[in-house]
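Trainee: I have this structure open and have never looked at it before. Could you walk me through it while I ask questions?

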Amino acid sequence: MGKLLIFSLLWWILGNPFVAIIVVIILFYLLDRRFIGMTPSVLKPLKRSRRLSKLKEELRLSPHHTSTKLDIARIYMEQKKYAAALELLDQVGEVMEDSADVLSEKGICKLKLGAVEEGERLILQAVQLNPRVKYGEPYHR
């Protein structure tokens with residue numbers, strides 16, 4: 001009943017039912033993002049691309065910075081660009097040979113690219129190094 005009242009009030013104020021519907025949808029979206037969080041964020045892909053461009057610029061300035069490569073690889077994994085992420089993770093793996101996080105992420109990339117046996121081997125190796133790697137995410141894989 002309250003939604004209908006808000007809609008009719010906005011229709012009366014704005015004079016157009018379509019604009020009133022759009023305002024109600026925007027209002028409910030903002031309230032949901034603020035208090036509940038069930039709807040996806042519209043700004044998250046924009047923030048991620050801005051962060052990726054900053055990290056690429058930082059990597060261009062210092063090409064041997066492994067934590068930057070690792071952050072870029074994680075963003076690529078979020079974007080489902082597993083081949084590009086695996087290329088960066090291989091470069092990071094040469095420096096951080098005993099990192100369970102890097103091994104786990106390389107294993108996930110291998111799994112997503114179809115190399116199931118090698119991906120499973122890398123994930124198991126990461127779990128042997130640190131049983132609580134990435135808060136147990138490799139166990140789900």
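Trainee: Which residues lie nearest the centre of the largest pocket?
Mentor: Arg74, Met77, Glu78, Lys134 and Glu137 lie nearest its centre, and the lining has 10 residues in total. On a 1 Å grid over the protein atoms alone, a pocket is an open set of points where a 1.4 Å probe fits, with protein on both sides within 12 Å along at least five of seven lines, and a lining residue has an atom within 4 Å of a point. Please keep in mind that this is a predicted model, in which local features need pLDDT of at least 70 and side-chain atom pairs count only at pLDDT 80 or more, while totals for chains, interfaces and linings use all residues. Residues are numbered from 1 along each chain as its sequence is written, and side-chain values use heavy atoms, with hydrogens and water left out.

Trainee: How much space lies in the largest pocket?
Mentor: About 190 Å³, where the volume is the space filled by probe spheres set on the grid points, which are joined across faces, edges and corners.

Trainee: And what classes of residue are in its lining?
Mentor: The lining has seven charged residues, three nonpolar ones and no polar ones. Here Asp, Glu, Lys and Arg count as charged, Ala, Val, Leu, Ile, Met, Phe, Trp, Tyr, Cys and Pro as nonpolar, and the others, Gly among them, as polar.

Trainee: Which helices supply at least two residues of that lining?
Mentor: Both α4 (66–78) and α6 (100–113) do; helices are DSSP runs of H or I with at least four residues, numbered from the N terminus.

Trainee: What does Glu78 form a salt bridge with?
Mentor: Its partner is Arg48, with the closest N and O atoms 3.2 Å apart; a salt bridge is a side-chain nitrogen of Lys or Arg within 4 Å of a carboxyl oxygen of Asp or Glu. Because Glu78 lies in helix α4 and Arg48 in helix α3 (residues 44–61), the pair ties together parts that are 30 residues apart in sequence. Glu78 is partly exposed at 47% relative accessibility, and Arg48 is also partly exposed, at 22%; buried means under 20% relative accessible area and exposed over 50%, with partly exposed in between, using a 1.4 Å probe and protein chains only.

Trainee: How many salt bridges are there by this rule?
Mentor: The count comes to six. Among them is the one where the side chains of Asp71 and Arg51 meet, at 3.5 Å from N to O. Asp71 lies in helix α4 and Arg51 in helix α3, so this pair ties together parts that are 20 residues apart in sequence.

Trainee: Switching topic, is Glu105 buried or exposed?
Mentor: Glu105, which is found in helix α6, counts as buried at 3% relative accessibility. Leaving aside neighbours within four places in sequence, Glu105 is in contact (heavy atoms within 4.5 Å) with Leu70, Arg74, Met77, Leu89 and Lys134.

Trainee: Which residues of α5 are buried, and what covers them?
Mentor: The buried residues of α5 are Tyr82, Ala85, Leu86, Leu88, Leu89, Val92 and Gly93, and what covers them includes α4 and α6.

Trainee: Where is Lys80 found?
Mentor: Lys80 is in the loop between α4 and α5, and Lys80 is exposed, with a relative accessible area of 62%. Although Lys80 is not a glycine, this residue has a positive phi of about 65°.
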